[in-house]
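Here is a short briefing to read alongside the model. Have the sequence and the 3D view open as you go.

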Amino acid sequence: MKVNGVEVIEIVKTKIPEDKVFKVIYKDKKVLKKTIIAEFRMVATNNRKMWAYIVEDENFMDHLEDYINIFSKIHEKIHEYLIRHHEYMISPFIITPSHNIMMPTQH
């Protein structure tokens, strides 16, 4: 489903919001000028769970500030849809497994 220019695909369907997994696709035409694909799901870190966008990019550290801004924009566009259709309030993080980094979005 396209939500405000962001494609959101529920890839793990369940009635339990915390177990849902979404694929998020956003065509960034201004900053990084590429299609950004991320998984949006609940992750466990240090004995707590949180929602996160998980993105793989070898150049993540080079574009850290850009990614924070882009994912803040993505989340701003889709958070009402997620609340309305999937019944949860979230304050997500951005995670890149290859760099083992977790950054909060600015939303």
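Is F40 buried or exposed? F40 is buried, because its relative accessibility is 0%, where buried means under 20% relative accessible area, exposed over 50% and partly exposed in between (1.4 Å probe, protein chains only). Please keep in mind that this is a predicted model, in which local features need pLDDT of at least 70, side-chain atom pairs count only at pLDDT 80 or more, and totals for chains, interfaces and linings use all residues. Residues are numbered from 1 along each chain as its sequence is written, and side-chain values use heavy atoms, with hydrogens and water left out.

**Overall build**

- Read from the N terminus, the order of elements is β-β-β-β-β-α-β-β.
- Of the 107 residues in the protein, 44% are buried.
- Taking contacts (heavy atoms within 4.5 Å) between residues at least 6 apart in sequence, 50% join residues at least 24 apart.
- The accessible surface is about 6,500 Å², and carbon and sulfur atoms account for 48% of that; such areas come from the Shrake-Rupley method with a 1.4 Å probe, and for residues only the protein chains shown count as cover.

**Aromatic residues**

- Rings of Phe, Tyr and Trp (its six-membered ring) pair if their centres lie within 6.5 Å; planes under 30 degrees apart count as stacked, over 60 as edge-to-face and the rest as tilted.
- By this rule there are six aromatic pairs.
- One of them is the tilted pair of F22 and F40, with 6.4 Å from centre to centre and 40° between the planes.
- That pair links distant parts of the chain, since F22 sits in strand β3 (residues 21-28) and F40 in strand β4 (residues 34-45), 18 residues apart.
- F60 and Y67 form a stacked pair, because their ring centres are 5.0 Å apart and their planes meet at 25°; both residues are buried.
- F22, F40, W51, Y53, F60, Y67 and F71 make up one aromatic cluster.

**Nonpolar cores**

- A nonpolar core is a set of buried Ala, Val, Leu, Ile, Met, Phe, Trp, Tyr and Cys residues joined through side-chain atoms within 4.5 Å.
- The largest nonpolar core holds 25 residues, and Y53, F71, I74 and I78 have the most contacts inside it.
- Two or more residues of this core come from each of β2, β3, β4, β5 (48-54) and α1 (64-86), with α1 giving the most, nine residues.
- Leaving aside residues up to four places away in sequence, I78 touches V3, V6, V8, V24 and Y53.
- Another core lies apart from the largest one and has six residues, among them M50, A52, I54 and F93.

**Strand β6**

- In a regular strand the side chains alternate between the two faces of the sheet.
- In strand β6 (residues 93-96), F93 and I95 point one way and I94 and T96 the other, and all are buried.
- β5 and β6 run parallel and are joined by three bridges, where pairing requires that DSSP finds at least two bridges between two strands.
- I54 stands opposite I95 in β6.

**A buried lysine**

- K20 lies in the loop between β2 (6-12) and β3, and counts as buried because its relative accessibility is 9%.
- The K20 side chain reaches the backbone oxygen of T14 at 3.5 Å.
- Not counting residues up to four places away in sequence, K20 touches E10, V12, T14, F40, R41, W51 and H86.

Note on methods: Helices (H or I, at least four residues) and strands (E, at least two) are DSSP runs, numbered from the N terminus. A polar contact is a pair of N or O atoms within 3.5 Å; within protein, one must be able to donate a hydrogen and the other to accept it, and residues adjacent in sequence count only if both atoms are side-chain atoms.
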